[in-house]
Amino acid sequence: MIEIINSGAITSIQDMGRWGYQHIGFSVSGAMDKKSYKLSNLLVNNCESAATLEFIGLGPVIKFNKKCLIAITGGNFNPLIKSSPVPMYRPVLVLKNSVIKFFSPVIGFIGYISFYGGLDIPNFLSSKSTSINFGFGGLNGRKLKKGDKLAIKKIQKTFYLTKKSNNEMNYASWYVNEKIKKKKVNVIRFLPGIHWDLLNESDKDTFLKSSFVITSKSNRMAYKLKGKKINIFNNASFESEVTNFGSIQVPPDGDPMILLSERQVTGGFARLGEIISSDHDFFVQLSPGSKINFVMVSLDCAEKLALSSELNFKYISHSLKVKEKYDFY
Amino acid sequence: MVKPSYFFDFLGDNALLLRIKEKNFSKVDLIAIINKIREDLLKVKNQYKFLDIIPTTNSLVIYYDNAYYFQSGISKPFEYIVRNIKKYIVFSSLDVKKENKSIEIPVLYHDFINNDLKEISDKLGVTIEDIIKIHTNTHYTVHMYGFAPGFAYIGDTDIRIRIPRKDSHLPIVRWGSVAIANEYTAIYPFDMPGGWYILGRTPIRSIDYKKPEKKIFEIGMKVKFFSINRSEFLNY
């Protein structure tokens with residue numbers, strides 16, 4: 001059992017999302033940064049799609065009512081147990097009655113904490129993911145609040161980590177080198193979208209040459225951008241079309257927004273492009289105030305980059321499985 | 001019906017978009033065609049690891065798991081899927097005249113909850129009585145789902161009661177609220193924010209979240225609304 005002492009800003013139960021129901025209007029939801037989310041699970045020997053906690057913008061404070069093996073990935077929220085920093089991207093064994101505190105992120109914007117065994121809550125339409133906007137899934141369809149208690153699935157296998165320890169915790173001497181890094185220039189690559197060709201050459205040029213800033217009006221549904229306004233769609237009306245994670249949508253106010261996990265299944269605004277899947281995780285970790293530039297790529301390029309991300313992830317997950325077999329616990 | 005031709009486009013690098021080439025189909029026929037293609041492709045959904053197959057009024061979107069294709073040694077999933085799925089699109093039931101299911105929805109248009117009849121009447125210059133008459137006399141078809149879970153777009157509304165969405169959203173629209181916006185009418189499936197103009201309320205729940213497949217509206221279904229009074233509503 002874990003207890004939420006302080007909920008942070010947007011802390012919710014997430015997994016790979018609720019697939020198979022979009023045709024009747026259910027948004028997919030699910031973890032925003034899929035790679036960090038899956039890694040957090042693999043680090044504690046869960047299947048990669050187990051339910052974890054996701055926190056955005058400001059981290060929670062969590063009390064462990066029993067000994068627990070955890071892993072923390074994603075943005076760096078300076079996690080502490082008492083005054084000891086909790087190392088990230090590795091399995092950590094925390095003691096009974098420990099309290100872990102997360103703060104504001106110094107790098108990245110979204111964090112994940114996984115628990116060996118996974119969170120023990122029922123599936124809703126084959127997923128444990130919380131859809132905060134529509135109020136279903138997760139814990140009573142809402143973000144977590146102070147006092148919430150969550151059970152962790154019982155596990156048969158005992159574990160011990162003797163590699164490194166301090167008074168508050170034991171942790172593995174190794175870690176996965178996938179920490180989120182700040183970049184000087186945030187280039188976001190995209191494929192042309194269904195309305196891209198409605199722009200004339202000079203509008204296209206302007207879009208590709210301008211920088212946009214991620215605003216604080218950003219949540220699990222969409223990140224709102226600010227930059228040079230795109231006004232040519234102001235009075236246009238479009239038929240509702242299916243959206244995707246990373247859709248670059250231009251509502252009538254002319255400021256683009258990027259649709260994310262809790263996007264609506266269909267949308268009737270102009271769609272300039274689709275951020276390529278290998279840039280999704282990087283994009284969602286950019287905090288409000290970050291400046292981005294869009295670069296258009298071909299489908300061939302997007303698929304090559306997706307393949308290379310997939311190979312990289314497979315390599316890490318395979319290495320973790322080998323570790324687990326020989327000296328993980 | 002003539003067999004339509006179609007083409008594919010990409011929607012990012014993990015979804016593909018299928019559109020019908022011909023422009024001369026009626027809206028209702030186009031919806032029928034798109035949903036028949038969907039039926040054909042559902043048969044191979046698991047085989048091809050399609051995550052979702054979603055119809056709208058003018059396209060079909062297939063989400064696929066590109067990691068699965070990469071693991072199977074296919075480095076260009078889009079091209080592979082396009083090349084391989086054409087053989088499954090046979091419009092198997094296109095010429096079989098299916099008895100279209102129909103449903104009648106009771107609506108309390110008056111004096112029970114807040115509605116926007118007065119505002120619509122003022123804006124469009126149509127009397128409240130006429131708005132109700134027009135809304136109940138029209139034969140509708142379920143076009144698509146979208147916007148929110150269980151939210152079905154039902155159309156087309158009569159040209160005389162077409163009104164754009166409100167400029168601002170109400171924080172909570174009650175479930176069962178029957179509303180209109182542009183060429184569509186809809187029933188709010190649960191309490192949620194909304195910006196459509198509300199005509200009245202139905203006592204019928206359009207979807208049960210625990211069993212979403214048991215929804216009352218199927219795409220292509222014929223819909224009519226009829227007026228009920230307050231006591232009929234309460235005793236429904």
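Contact, as the word is used here, means that heavy atoms lie within 4.5 Å of each other. On that basis, and in a model that is predicted, the covering of helix 4 of chain B can be described: its buried residues are covered by elements that include helix 5 (128-137), strand 9 (177-181) and strand 12 (197-201) of chain B.

Helix 4 of chain B, which spans residues 117-124, has B:L117, B:I120 and B:S121 as buried residues. These three cover an arc of only 100° around the axis, and they therefore lie on the same side of helix 4 of chain B. An α-helix has 3.6 residues a turn, so residues three or four places apart point the same way. On the face of helix 4 of chain B that is turned away from the buried side, the exposed residues B:K118, B:D122 and B:K123 are found. The helix is followed by B:G125, a residue with a positive phi, near 70°.

Helix 5 of chain B has its own set of buried residues, namely B:I131, B:I132, B:I134, B:H135 and B:T136. What do the buried residues of helix 5 of chain B pack against? They pack against helix 4, strand 6 (140-145), strand 9, strand 10 (184-187), strand 12 and strand 13 (222-227) of chain B.

**Two buried asparagines of chain A**

A:N186 has its place in strand 14 of chain A, which covers residues 186-192, while A:N46 sits in the loop between helix 1 (34-43) and strand 3 (52-56) of chain A. A:N186 has a relative accessible area of 9% and is therefore buried, the cut-off for that term being under 20%; A:N46, at 9% relative accessibility, counts as buried as well. The side chain of each asparagine reaches a backbone oxygen, as the table sets out.

| Side chain | Backbone oxygen | Distance |
|---|---|---|
| A:N186 | A:K291 | 3.0 Å |
| A:N46 | A:F115 | 2.9 Å |

When neighbours within four places in sequence are left aside, A:N186 is in contact with A:F282, A:L286, A:S290, A:K291, A:I292 and A:N293. With residues up to four places away likewise not counted, A:N46 touches A:N41, A:F115, A:Y116, A:G117 and A:G118. A:N46 and A:S114 are 68 residues apart in sequence, yet their C-alpha atoms are 8.6 Å apart in space.

**The interface of chain A and chain B**

At the interface, 38 residues of chain A are in contact with 45 residues of chain B. Of the area that chain A buries against chain B, A:H23, A:I24 and A:E303 supply 19%, which is more than any other three residues. The two chains bury about 3,500 Å² between them, and 61% of this is on carbon and sulfur atoms.

How many salt bridges does the rule find across the interface of chain A and chain B? There are 2, and a salt bridge is formed by A:E241 with B:R19, whose closest N and O atoms are 3.1 Å apart. Across the interface of chain A and chain B there are also 18 residue pairs in polar contact, both residues being at pLDDT 80 or more. On the side of chain A that touches chain B, the elements giving two or more residues are strand 14, strand 17 (241-242), strand 21 (270-275) and helix 4 (299-326) of chain A. Helix 4 of chain A gives the most to this side, with 8 residues. By class, the residues of the side of chain A that touches chain B divide into 19 nonpolar, 10 polar and 9 charged.

How values were computed
Residues numbered from 1 in each chain as written. Chains lettered and ligands numbered in written order. Heavy atoms only, no water. Helix = DSSP H or I, 4+ residues; strand = E, 2+ residues; numbered from the N terminus. Buried < 20%, exposed > 50% of the residue type's maximum accessible area, 1.4 Å probe, protein only. Polar contact = N/O pair within 3.5 Å; in protein donor to acceptor, adjacent residues only side chain to side chain. Arc of directions from axis to C-beta. Buried area = accessible area lost by both parts, 1.4 Å probe. Salt bridge = Lys/Arg side-chain N within 4 Å of Asp/Glu carboxyl O. Nonpolar A, V, L, I, M, F, W, Y, C, P; charged D, E, K, R; others polar.
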